[in-house]
Structures are given as structure tokens and as C-alpha cells.
Amino acid sequence: MNISALIIDVTLWGSVLILGFMAWQRGRVVLVSSVREGSMDFINIVPRIALGVIGSGYIAAVIPPEVITGWLGPDSGWLGVLAAVIAGAATPGGPVVGFSIGAVALKVGGGSPQVIAYVVAWALFAFQRMILWEIPFMPARFVWFRAAVSVPFPFLAAAIAMAIGKP
Amino acid sequence: MIFIGGLVAVCAGLVWRRDGIDGVLKILTEDLWLFGEIMPRVLAGCLLGGFIAEILPHDKVSRSLGPNSGLKGLLIGTAFGAILPGGPFTAYPVAAALLTVGADFGATIAMVVSWTLIGYGRAVAWELPILGTEFTLWRIVISLPIPVLAGALGRFVFVRMYPKGEPS
């Protein structure tokens, strides 16, 4: 197990213990009902996560990274930004995949604003993360609403990057 | 669920045609492993959501994160998203809990967007080593205004889409 995973687990379970203690201070009833509530959520979500996690490997396997890097390409300008945003939304897989594709795109000559737009779009509305993580936990109406209002922001990030000439 | 199941089945079929049964089984074992690894974290996230829903006083939450909380509500949502520990297994259950205890779409959007764009967890664990310090820091600086702006846009659209409040 690597160190960052360990830190994540420690902070996560530490927060659970602190909040659990706070709930216990409010009385046993509060503790029991919140644990029951959380466990029911967990039981409801496990099958969906199972499908998502076990299935996402197959989705990632049929969308080769070369396709996405090709879209990001060395062509710059707003068309490149648009391609980057679409590529970000279409990128499957976990954090390693998205950031690695960004790194490859930088290496093969993709412009920084395009790569910024790619990383931001991928963080905001990668379809696979939305389907796998966000929809199981949250009301679907909220998820689509959030994704829709997020659409302008990769473009804004690219515009800022172009304006300040960084990174 | 059915749509995702179908998509997964189609993709698994494509992998099977390309790489044979070995390719299918290799991905399956890898993903089963990953699944076992994240299950405890998902449980922790659900428990956090449960505690937050019970502990946080509804009237206070709806005052500080509700539809009339103004810029301050969006800033609180942003700060909360930025410091929240853990990955999607924490962020989404907690965000769902905030919605049920009275936060509006705008503040919750600010929180989710802040977690994904300026939360330290993913940046430190993955982005810094892969994309380098300079790129990561500038990417975060450029992203700083986005959670508040996304939350504000969310509110702006929400009151026009649902003038009488959210339909149940």
C-alpha cells in the first residue's frame, strides 16, 4: 500500500470516528440511526459500484488512449480546446488515466491551454465517473444539472491560461 | 443501471473478440481486486454521509448553504469541498447528505466542483507526480474561481428552471 493511500484511509476513518463520537454525544439513538442510515446507503450502493468498477475496465479497454491523445494533438486554438473538452468528457478510467493522457499530450506538443481544458473537463464531467460514482450516490437530476452548468468552465480555464500565458 | 449493464456487456464482448477469454478474465481479476480495495472506503463515505445528515442542524444548514445563502454559501461550499478528505466515495455521499439537510443546488455544486478541481487529495496523489508541480499549481490557481462561478450559474439557472422550487 502506498503512502498517499494510507493517508487517505487515515483521514477518512479519522473523520468517521470524530463524527461518530459527535453523534454518540448526542445520544445513543442518534448514533444508531445514523449508522443504520449509512449502512443502508452502503448496501444499496454496493451492487451499482460493483457493476461500475468491474465494468469500467472493459469500457477503458475498448477506448484506447491513442485516440484521445490524437484529439488533443499539437493543433492549438479554440478548436483544439473544444476537442480537449470532448476528449476529457470521453476519457474512461481512474485518475491515472486522465492525468497520464494529459502528460502525454503535453509531451507530443499539445498546448498548455488545451491540456488545462482537458484536465478540467475530465475532472468536471468525465462520463464514466458520473455514471460510476456520482449517479449512484446523488439524485440523477442534480448530476445532470451540475454537469450542464459545468460545461462553460473548461473553456473559461483555457481562456485564463491563454490570457496569463501560464503554465 | 440497465444502460450501464448493456454498455459493459458490449465492451466486454468487444474485448473478448479482440483478446479472447484471457483478456476478459485479466480485466475481471484486476477490477475485482480494485473493488475489494475501495469497498471499505465506500463504507466510510456512507457512514460520513449518515453522520452528517444526523448531526448537522437542518435550519443552520439551510441558512448557511440554502438558496438564500448568497455568495457566502457558495464560499462555504467551496471551502468544504476543498478540505474534504477522501475520493469520490466520500465526496458524493457527503454532497447527497448536504442536499437532504437543506443545502441548495448552487452550494452543493460549488462543493462538488471544488472537491474535483481544487481538492488536495487527487492533486497530491496523482496530478503532481504525473503532470509535474508547475502545471499542477497553475491548473489549480486557474481553477480557483470556478467552484463559486459554477455554483452561481447553477443558482441562476435553477430559479429560472424551477421558479416554484424543486419538483419532488
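## Talking through a predicted two-chain model

Chain A of this predicted model splits into domain 1 (1-62) and domain 2 (64-167).

User: How far apart are the C-alpha centres of domain 1 and domain 2 of chain A?

Analyst: The two domains do touch, with eight residues from domain 1 of chain A and eight residues from domain 2 of chain A in the contact. On the domain 1 side, those residues are five nonpolar, two polar and one charged. As for the C-alpha centres of the two domains, they lie apart by 27 Å.

User: Which helix of chain A gives the most to the side that touches chain B?

Analyst: The contact between the chains takes 63 residues from chain A and 67 residues from chain B. Several helices of chain A supply at least two residues each, among them α1 (3-25), α2 (28-62) and α7 (127-137). By class, this side of chain A has 42 nonpolar, 13 polar and eight charged residues. The top giver, with 22 residues, is α2(A).

User: Is Ile59(A) buried or exposed?

Analyst: Ile59(A) sits in helix α2 of chain A. Leaving aside neighbours within four places in sequence, Ile59(A) is in contact with Pro92(A) and Gln128(A), plus Leu7(B), Val8(B) and Cys11(B) from the other chain. A residue needs 20 or more other C-beta atoms within 10 Å to count as buried. Ile59(A) has 23 of them within 10 Å, so Ile59(A) is buried.

User: What separation do the C-alpha atoms of Ile59(A) and Thr91(A) have?

Analyst: Along the chain, Ile59(A) and Thr91(A) are 32 residues apart.

User: How do α5(A) and α6(A) run relative to each other?

Analyst: Two packed helices are described by the angle between their axes and the distance between the axes. Here the axes of α5 (residues 95-107) and α6 (residues 112-125) of chain A come within 10 Å and cross at roughly 170°. Angles over 145 degrees count as roughly antiparallel. Therefore α5(A) and α6(A) are roughly antiparallel.

User: Which residues of α6(A) make the contact with α5(A)?

Analyst: The residues of this contact divide into six nonpolar, two polar and no charged. From α5(A) come Gly98(A), Gly102(A), Ala105(A) and Leu106(A). Across from them, α6(A) brings Val115(A), Tyr118(A), Val119(A) and Trp122(A).

User: Within what arc do the buried residues of α8(A) fall?

Analyst: The buried residues in α8(A) are Phe142(A), Val143(A), Phe145(A), Arg146(A), Val149(A) and Ser150(A). Their cover includes α6, α7 and α9 of chain A, and α4 (88-100), α5 (105-118) and α8 (146-161) of chain B. On the face turned away from the buried side, Ala140(A) and Arg141(A) are exposed. Looking down the axis of α8(A), the buried residues line one face of the helix, because they fall within an arc of 165°.

User: And within what arc do the buried residues of α7(B) fall?

Analyst: In α7 (residues 133-143) of chain B, the buried residues are Phe135(B), Thr136(B), Arg139(B), Ile142(B) and Ser143(B). Seen down the axis of α7(B), these residues line one face of the helix, because they fall within an arc of 130°.

User: Which residues are exposed on the other side of α7(B)?

Analyst: The buried residues of α7(B) pack against α6 and α9 of chain A, along with α5, α6 (120-131) and α8 of chain B. On the other side of α7(B), the exposed residues are Thr133(B) and Glu134(B).

How values were computed
Residues numbered from 1 in each chain as written. Chains lettered and ligands numbered in written order. Predicted model: local features only at pLDDT ≥ 70, side-chain atom pairs only at ≥ 80, totals over all residues. Axes fitted to C-alpha atoms, helices over the stretch in contact; angles between N-to-C directions. Helix = DSSP H or I, 4+ residues; strand = E, 2+ residues; numbered from the N terminus. Parallel < 35°, antiparallel > 145°, perpendicular 65-115°, else oblique. Contact = placed C-beta atoms within 7 Å. Nonpolar A, V, L, I, M, F, W, Y, C, P; charged D, E, K, R; others polar. Domains from an automatic or database assignment. Buried ≥ 20, exposed ≤ 12 C-beta atoms within 10 Å, placed from the backbone. Arc of directions from axis to C-beta.
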